[in-house]
Amino acid sequence: MNTTTYPSIAVDIPVRFAETDAMGIVHHSAYIVWFELGRVTWMDAMGVPYAEIAEGGNHFAVTKLEVQYRGAIRFGEVVKLETTVTTLRSRQVSFSYSVYNGKGDLAATGRTDHICVDLAGHSAKIPDAVFTRLQAGQFAGSGAHS
C-alpha cells in the first residue's frame with residue numbers, strides 16, 4: 001500500500017441553483033462533478049494539466065467512485081472542496097475528497113479510483129513524464145494550499 005503523503009489542494013465552489021433538488025439541497029450528482037473539478041485543480045497545482053494528458057493520448061478513466069454524505073448543503077452556500085492523491089501506481093491513481101459546507105462543517109467525503117487508458121480505451125502505463133510530475137506532488141507541500 002502507498003504510504004506517501006501528498007498535499008491537499010482546496011477550491012471554493014459556489015452552489016448553483018441547478019445543483020439542488022426540490023428540497024433546496026445539493027443533489028447527490030453534483031458531488032461527482034465537484035470531484036472532477038478537484039482532480040483537475042489538484043493536477044494543475046502539481047504542474048500536470050489534464051489537457052496535456054489527453055493531448056498526449058491518455059485519459060484517467062474512473063473505475064470506482066465512493067461518496068459518503070454527512071450533512072446537507074444548500075443553494076447559495078460556498079463549499080470548500082479539498083482533494084489529495086491517496087494512491088499512485090504505474091497505471092492507477094486514486095484521489096480522496098472532503099467537502100465542507102458554508103459553515104465549515106464536513107458535509108461529505110469521497111474517493112475515486114482511475115486507471116490510465118489510451119485513446120482506444122485500453123489500459124496503459126501512465127506516461128513517465130506525467131507519472132514523475134504526479135509523484136513529485138508529494139514534495140510540493142510548500143506550494144499547496146488548503
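Phe 75 is partly exposed, with a relative accessible area of 48%. On this scale, under 20% is buried, over 50% is exposed, and partly exposed lies in between, using a 1.4 Å probe and protein chains only. Phe 17 is exposed, because its relative accessible area is 60%.

Before going on, a word on the model. It is predicted, so local features need pLDDT of at least 70 and side-chain atom pairs count only at pLDDT 80 or more, while totals for chains, interfaces and linings use all residues. Residues are numbered from 1 along each chain as its sequence is written, and side-chain values use heavy atoms, leaving out hydrogens and water.

Now to the rings. Rings of Phe, Tyr and Trp (its six-membered ring) pair if their centres lie within 6.5 Å; planes under 30 degrees apart count as stacked, over 60 as edge-to-face and the rest as tilted. By this rule there are seven aromatic pairs. One of them joins Phe 17 and Phe 75, and it is edge-to-face because the planes stand at 90°, with the ring centres 5.6 Å apart. These partners are 58 residues apart: Phe 17 sits in the loop between β1 (9-14) and α1 (28-45), and Phe 75 in the loop between β2 (58-69) and β3 (78-88). Helices (H or I, at least four residues) and strands (E, at least two) are DSSP runs, numbered from the N terminus.

Trp 42 and Phe 95 make an edge-to-face pair too, at 6.0 Å centre to centre and 80° between the planes. This pair links helix α1, where Trp 42 lies, to strand β4 (residues 92-100), which holds Phe 95, 53 residues apart.

Two strands pair if DSSP finds at least two bridges between them. β4 and β5 are antiparallel partners over nine bridges, and Tyr 100 has Leu 106 in β5 as its bridge partner. Five residues separate β4 and β5 in their hairpin, and Gly 104 in the turn has a positive phi of about 90°. Strand β5 (residues 106-118) also pairs with β2, again in the antiparallel sense, over 11 bridges. There, Tyr 69 has Ala 108 as its bridge partner in β5.
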